[in-house]
Amino acid sequence: MCGICGFNFNDKQLLRDMCHILKHRGPDETGYFEDDKVSLGCARLSIIDLKSGRQPIHNEDRTIAVVQNGEIYNFPELRAELEKRGHMFYTDSDTETIVHSYEEWGEDCCLAFNGMFALALWDQAKRTLQLARDRCGIKPLYYAKLGSKFLFASEIKSILESGIKRKIDLEALHYYLNLRFVPRKKTLFKGISRLLPGTLMKIRDGKATIRRYWTLNPHSRRMS
């Protein structure tokens, strides 16, 4: 299952506290990536590449790092294509294909993934943190904004470790009591949002932009 978390600043203790809350999602090992602009954490459940697939995963020169919750089903095909294009792999994990796909195709690389995933990718050269969620939203990803600080995690209770005030979002509660679920990006916690399926968030210099990278385009088919 795995769990990921992080934020766009440096706080070693907070990162470890957030990862600890996710330990039940990934009991096998915990990994961290930290610099002055970003902190990434992963509580990993080892499924693919048990020995060398430890996250965060990086590219050849360590300028790009990624953590992922999920699985890229078509990673063998993607890896073969990327190796033909000159990319060098150091693991046999599906997560490493995310790094090299980003190098090759940029943020549109998510369109190449057949799978279920929530991921966070740090591009050191562009000083940009990117969050993305699979097309159907199988894997969860939540985020919160505190001034210029952004935090994200696979579960809300991990974000709550940051000390964010625990207030009920009354509008979300209204939806829940009437619909039995909370629609769109809202959650029952005020100030904590859900990244929508098929959506990409880019965070740079304390500012975030969100866009849909994939939208279902239904079309009618005449049955004969």
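How many bridges join E1 to strand E3, and which way do the two run? I looked this up before anything else, bearing in mind that the model is predicted. Five bridges join E1 to E3 (residues 39-44), and the pair runs antiparallel.

**Entry: strand E1**

I picked Gly 6 to follow across the pairing, and found Leu 40 of E3 opposite Gly 6. E1 also pairs with strand E9 (residues 149-153), again in the antiparallel sense, this time over three bridges. On that side, Gly 6 has Phe 152 of E9 as its bridge partner.

I checked the two faces separately. Gly 3, Cys 5 and Phe 7 are buried on one side, and Ile 4 and Gly 6 are buried on the other, which leaves both faces of E1 covered.

**Entry: helix H1**

Which residues of H1 are buried? I noted Leu 14, Leu 15, Met 18 and Cys 19. They sit on the same side of H1, because the arc they cover around the axis is only 135°. I then looked at what this buried set packs against, and wrote down E1, E2, E3, E9 and helix H4 (156-159). The face turned away from the buried side carries Lys 12, Gln 13 and His 20, which are exposed.

**Entry: Arg 25**

I moved on to Arg 25, in the loop between helix H1 (12-21) and strand E2 (29-34). Buried or exposed? Arg 25 has a relative accessibility of 7%, and since the cut-off for buried is under 20%, Arg 25 counts as buried. I wanted a partner for the side chain and found one: the Arg 25 side chain makes a polar contact with the side chain of Glu 155, at 3.0 Å. Leaving aside residues up to four places away in sequence, I also see Arg 25 touching others, including Met 1, Cys 2, Gly 3, Asn 69, Pro 140 and Ser 154.

**Entry: the six-stranded sheet**

What is the strand order in the open sheet? I read E4-E5-E6-E7-E11-E12, six strands with antiparallel pairing. Strand E4 (57-58) and strand E12 (207-212) are the edge strands, each pairing on one side only.

Strand E11 (residues 199-204) is joined to E12 by six bridges and the two run antiparallel. Two of the facing pairs I jotted down are Met 201 with Ile 210 and Arg 204 with Lys 207. The two strands form a hairpin with two residues between them, and Asp 205 in that turn has a positive phi of about 55°.

Then I looked for a helix on this sheet. Helix H3 (residues 95-105) packs there, touching E4, strand E5 (64-72), strand E6 (115-123) and strand E7 (128-133). The direction of H3 makes about 125° with that of E5.

**Entry: the ends of H5**

Last stop, helix H5 (residues 170-179). Which residue caps its N-terminal end? Asp 169 does, with a side-chain oxygen 3.1 Å from the backbone nitrogen of Glu 171. After H5 comes Arg 180, and I noted its positive phi, near 70°.

Technical notes:
Residues are numbered from 1 along each chain as its sequence is written. This is a predicted model: local features need pLDDT of at least 70, side-chain atom pairs count only at pLDDT 80 or more; totals for chains, interfaces and linings use all residues. Side-chain values use heavy atoms; hydrogens and water are left out. Helices (H or I, at least four residues) and strands (E, at least two) are DSSP runs, numbered from the N terminus. Buried means under 20% relative accessible area, exposed over 50%, partly exposed in between (1.4 Å probe, protein chains only). A polar contact is a pair of N or O atoms within 3.5 Å; within protein, one must be able to donate a hydrogen and the other to accept it, and residues adjacent in sequence count only if both atoms are side-chain atoms. Contact means heavy atoms within 4.5 Å. Two strands pair if DSSP finds at least two bridges between them. Axes are lines fitted to C-alpha atoms, for helices over the stretch in contact, and angles run from 0 to 180 degrees between N-to-C directions. The arc is that of the directions from the helix axis to the C-beta atoms.
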